[in-house]
Every structure is written in C-alpha cells, then in structure tokens.
Amino acid sequence: MAVSSDLRTSEARDADRDGPLLELEGVSKYFGQGSGLFGGLQYDPDTFPPISVDRERVEAVDDVSLEIQPGETLGLVGESGCGKSTLGRTILRLLEPTDGEILFRGENLADLSGEELRQMRSELQMIFQDPQSSLDPRMKVGQIIEEPMRAHGMLDDEGREARAKELLEKVGLDPRHYNRYPHAFSGGQRQRINLARALSVDPEFVVCDEPVSALDVSIQAQVLNTMERLQEEFGLTYLFIAHDLSVIRHISDRVAVMYLGHIVEVAEKEELFENPQHPYTKALLESIPVPDPRESGARGVLEGEVPSPTEPPSGCRFRTRCPELIAPEAYDLTEAEWSHTRAFMRAVKRRTFEPMSAAELRREFFGGDLPGGEAGEIVADAIDMIATDSDHGGESADDRSDWTAATDLLLESFAERSICARERPAYDLEPVHGSGAHFAACHRRR
Ligand SMILES: Nc1ncnc2c1ncn2[C@@H]1O[C@H](COP(=O)(O)OP(=O)(O)OP(=O)(O)O)[C@@H](O)[C@H]1O
C-alpha cells in the first residue's frame with residue numbers, strides 16, 4: 001500500500017528531546033465551591049428551598065508534583081475515586097487546575113492561547129476506558145479516525161484517508177474496514193480504533209485512562225502489546241492509568257501510587273514492586289488476588305474505609321488506615337504498647353467489639369497490662385468510659401455518647417498527635433533496584 005505518512009518516528013522525536021516532557025508542580029484540582037454551571041448545587045426535597053449551594057469542596061487532586069520523561073510509560077495506580085482520572089484530565093487541560101503549574105516541554109500550558117494552544121492540544125491526546133461509548137455509532141471508522149485531523153486542519157481529504165488507513169493497519173486492524181461502523185467490531189478492536197484516532201494527530205503524549213479494564217483478560221495483553229509497539233515506533237510517552245496492578249506491571253517503566261488525591265510513592269517499576277516503602281503501596285501489592293483461590297486471606301489487608309475527599313485527614317492522608325502509624329513522641333511507648341494502643345483506638349472508633357468489662361477490655365486489647373505513664377492513664381480513662389462495669393454517671397454501658405467520648409479522647413491523644421497527622425511526609429530514598437529516584441510519602445522513611 002502506498003502511504004503518504006507524515007507520522008513522526010521515534011528517531012525524529014529524539015532530536016528535540018532534552019529534559020522532562022511533562023512537569024507537574026504542585027497541581028491541585030478541587031471540585032465544588034460552586035464551580036461549573038451546576039457545580040455545588042444540592043437538591044433536597046425535605047428542605048425549603050429544596051435547592052441549596054453545597055460549599056463542600058472535593059479535594060480530588062492535591063498538590064501533586066511529578067515529572068514524565070520522554071518516551072516512558074508512567075503507570076498511575078490507586079483505588080477507585082483516588083483522583084487518577086481527574087489528574088489525567090487536568091494535565092490535558094480538559095479540567096482547569098485549581099492550583100499549580102503544568103509544563104509541557106518546559107512551556108506552561110496556561111500561558112498558551114490561540115494557534116499555539118491548538119497546536120499543543122494535538123500533542124496531548126487521551127484514550128478512555130469504554131471504547132463502546134467513546135465511538136459515535138453513526139460514524140464510520142474512517143470518519144472517526146479522521147475527525148481529530150479535520151479539527152486540527154491536518155492534510156486534505158485524500159491525505160486524511162490515506163493516513164486513517166495506514167493507522168488502521170498500524171493498530172492491527174484491516175484497512176479495508178475503513179467504511180465499517182463501530183458496532184461491527186469487538187471491544188478490543190474498538191479500543192484499537194480509539195488508539196488510531198488518538199494517534200491521527202501525531203501526538204507526543206497520550207493519557208491512557210484504564211484503556212483495557214473493560215476488556216477480557218485474554219484481549220488485554222494483546223492491546224497492551226500493540227500499545228507498546230506503537231510507543232516504540234512513534235516515540236510516544238504514556239501516562240497509563242489503571243487500578244489493576246498486573247496491567248500496571250506489564251506496561252510501566254515507572255509507577256506512581258495515588259491515595260486520596262496525593263501521590264504517595266513513585267519509583268521505577270522493579271523498585272516499586274520489589275521494594276515498596278509506603279504502607280499503602282504494600283497493602284495494594286498484598287491485595288493482588290492470588291492465582292490459587294484456595295489460598296485465602298490475601299484480600300482485605302486494608303482496614304477501614306477511604307475517608308471522604310471533602311474532609312481528607314491532615315498530614316499523611318493514609319494515616320487513618322495505616323498499620324504503621326507512628327506513636328506520638330510525647331509518650332514513651334514500646335512498640336508492643338503502641339501496637340496495642342493503636343489497635344484499641346481503631347476498634348473503639350469503629351466499634352468492632354461488644355461491650356465488656358474493664359478487666360476484659362484490658363485482657364482483650366492489652367494482654368492484661370496497660371502501657372505505663374501518661375499514655376496508660378489515657379487508655380484507662382477511655383476504658384472507663386465504655387466498660388460495662390464502670391460508673392457512667394447513670395447512663396447505660398451501650399450509650400453512644402460514651403463511645404464517642406472515648407473515641408475522641410483516644411484520637412486526640414494519640415492519632416492527632418502523631419507526626420503522621422501533623423506533617424505531610426515527602427522523602428527521597430536510595431533505590432535498591434536500578435538507579436532511578438524513589439519517592440515515598442511516609443514518615444517511617446524519614
Ligand atoms: N466533576 C466532578 N465534580 C465533583 N466531584 C468529582 C468530579 N469528578 C470527580 N469527582 C470526585 O473526585 C474524586 C476523584 O475522582 P476520579 O474520577 O478522579 O478518581 P479515579 O481514581 O479516576 O476513580 P475511578 O477509577 O473510579 O474513575 C472522587 O471523589 C470523585 O467523586
């Protein structure tokens with residue numbers, strides 16, 4: 001087939017490379033605060049007026065700094081709702097950042113306008129999870145792929161058609177299917193059409209937002225392999241968003257782990273998987289389903305719920321669920337005493353046990369011996385508030401207010417006084433594998 005391709009190869013790209021392709025400096029994206037047409041509007045039929053303005057803000061992405069090198073794949077992983085998509089969309093300016101700077105090849109995207117911005121936009125493309133809904137069913141595949149070129153005024157009709165056909169072949173589809181409609185293709189093929197469309201404007205950087213999550217596992221690897229081949233051929237740089245660690249492991253050069261709007265760890269792939277330093281990363285890795293289903297207990301190592309992004313915890317956002325929360329310096333506690341105190345605090349907060357006597361509580365949580373000093377006195381006070389055999393000022397042992405008071409006392413005395421609550425952690429570590437930088441946002445690594 002005669003091709004008219006203007007597609008840049010990776011060699012052509014290497015020529016104008018120096019420094020990171022993309023730099024994020026303290027990027028935040030908050031929702032709410034009445035942003036957007038209906039942003040922050042709440043409907044509640046039981047109040048008058050039934051519509052109110054919700055001033056709660058969702059800190060979807062908070063103070064994220066990252067660099068992405070040309071030609072690499074940075075995997076971005078984290079549980080649903082942690083802000084991955086919001087970060088991807090903010091980088092592409094599909095969402096306006098609330099704060100921070102995004103530099104592409106050293107240029108601040110916010111400073112561009114007119115033709116420069118239009119040009120830059122073609123350099124940055126995105127592919128989405130659901131290939132079904134992102135392809136217009138009324139358009140033929142050829143038109144779909146040509147649409148971005150038309151929007152950017154690239155080539156003439158003939159040139160666009162030639163390029164669309166070439167791209168179909170590049171992504172592993174038959175160019176003769178140029179006139180077919182999306183419904184004639186399988187899920188994996190539709191994601192390939194999406195890829196061809198994103199590549200049609202010759203981008204340098206592609207945000208891939210869960211591109212294979214909707215596909216069968218057997219198809220996932222094939223699409224990932226095609227993406228890797230295209231990356232090499234065209235010198236593409238990927239930000240690859242996924243919640244599935246095996247997908248991340250397949251495709252990434254480096255991995256960034258996100259939790260509740262913060263990046264908690266960044267390292268080269270091998271370093272991250274073999275030498276994880278953040279307790280959240282460790283928990284994520286331990287929750288990878290084991291191949292043998294009879295080996296139970298691998299899931300659910302994370303305790304508690306993800307806090308709401310409208311009220312994220314101070315300091316380290318993972319601290320409310322962290323199994324390695326650091327003891328406040330104010331108390332002189334042994335590791336064992338602290339681990340008992342921490343477990344007791346969490347159990348009271350979540351009310352995971354039935355009411356019992358003070359002696360039973362001491363035995364159950366502290367093996368009979370409370371910690372010494374001030375910490376021990378605080379624990380004794382908390383036990384006194386909830387024990388079935390202590391004086392509750394006439395209220396029943398099951399009184400909610402007692403549990404709330406005990407929870408408040410323990411949280412204020414221990415959790416809130418931990419360095420984990422007082423300071424946001426950020427540490428650069430020496431990697432064990434490879435020579436790349438290793439960042440971990442955990443005070444245990446200070
Ligand atoms: N337009 C919006 N308005 C208000 N809140 C939003 C908006 N978009 C996202 N959020 C909130 O921001 C947080 C981050 O959402 P985001 O979709 O970025 O997470 P995610 O990690 O990509 O999750 P998923 O994998 O489920 O898509 C969530 O709490 C979400 O509810």
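I worked on a predicted model throughout.

Next I asked how much of β10 is buried. Six of the six residues in 237-242 are, so the strand is largely enclosed by the rest of the structure. The cut-off I used for buried is 20 or more other C-beta atoms within 10 Å of the residue's own.

Which strands pair with β10? I found β5, residues 73-77, running parallel to β10 over five bridges. In that pairing, I noted Thr73 opposite Tyr238. I also found β9, residues 205-209, parallel to β10 and joined to it by five bridges. Here Asp209 stands opposite Ile241. I then followed the chain from β9 to β10. It passes through helix α7, residues 217-234, and this β-α-β crossover is right-handed.

**Helix α6**

I turned to α6, residues 187-199, and checked its length.

Is α6 enclosed or exposed? Eleven of its 13 residues are buried, so I logged the helix as largely enclosed by the rest of the structure. The buried set includes Arg190, Arg192 and Arg197, along with Ile193, Leu195 and Leu199. Gln189, Gln191 and Asn194 are buried too, as are Ala196 and Ala198.

What do these buried residues pack against? I listed β8 (124-127), α4 (141-151), α5 (157-170), β9 and α7.

**Ligand shell**

I then looked around the ligand. I counted 13 residues surrounding it, and the closest are Phe31, Ala60, Ser80, Ser85 and Thr86. By class, the shell has five nonpolar, seven polar and one charged residues.

Which elements supply at least two shell residues each? They are β4 (57-68) and α2 (84-91). The largest share, three residues, comes from α2.

**Whole chain**

Last, I recorded the totals. The protein chain has 15 helices and 14 strands. Of its 446 residues, 38% count as buried. Among contacts with a separation of 6 or more, 71% are between residues 24 or more positions apart.

Conventions. Residues numbered from 1 in each chain as written. Predicted model: local features only at pLDDT ≥ 70, side-chain atom pairs only at ≥ 80, totals over all residues. Near = placed C-beta within 6 Å. Helix = DSSP H or I, 4+ residues; strand = E, 2+ residues; numbered from the N terminus. Nonpolar A, V, L, I, M, F, W, Y, C, P; charged D, E, K, R; others polar. Buried ≥ 20, exposed ≤ 12 C-beta atoms within 10 Å, placed from the backbone. Pairing = 2+ DSSP bridges. Right-handed = clockwise from strand over helix to strand, strands pointing away. Contact = placed C-beta atoms within 7 Å.
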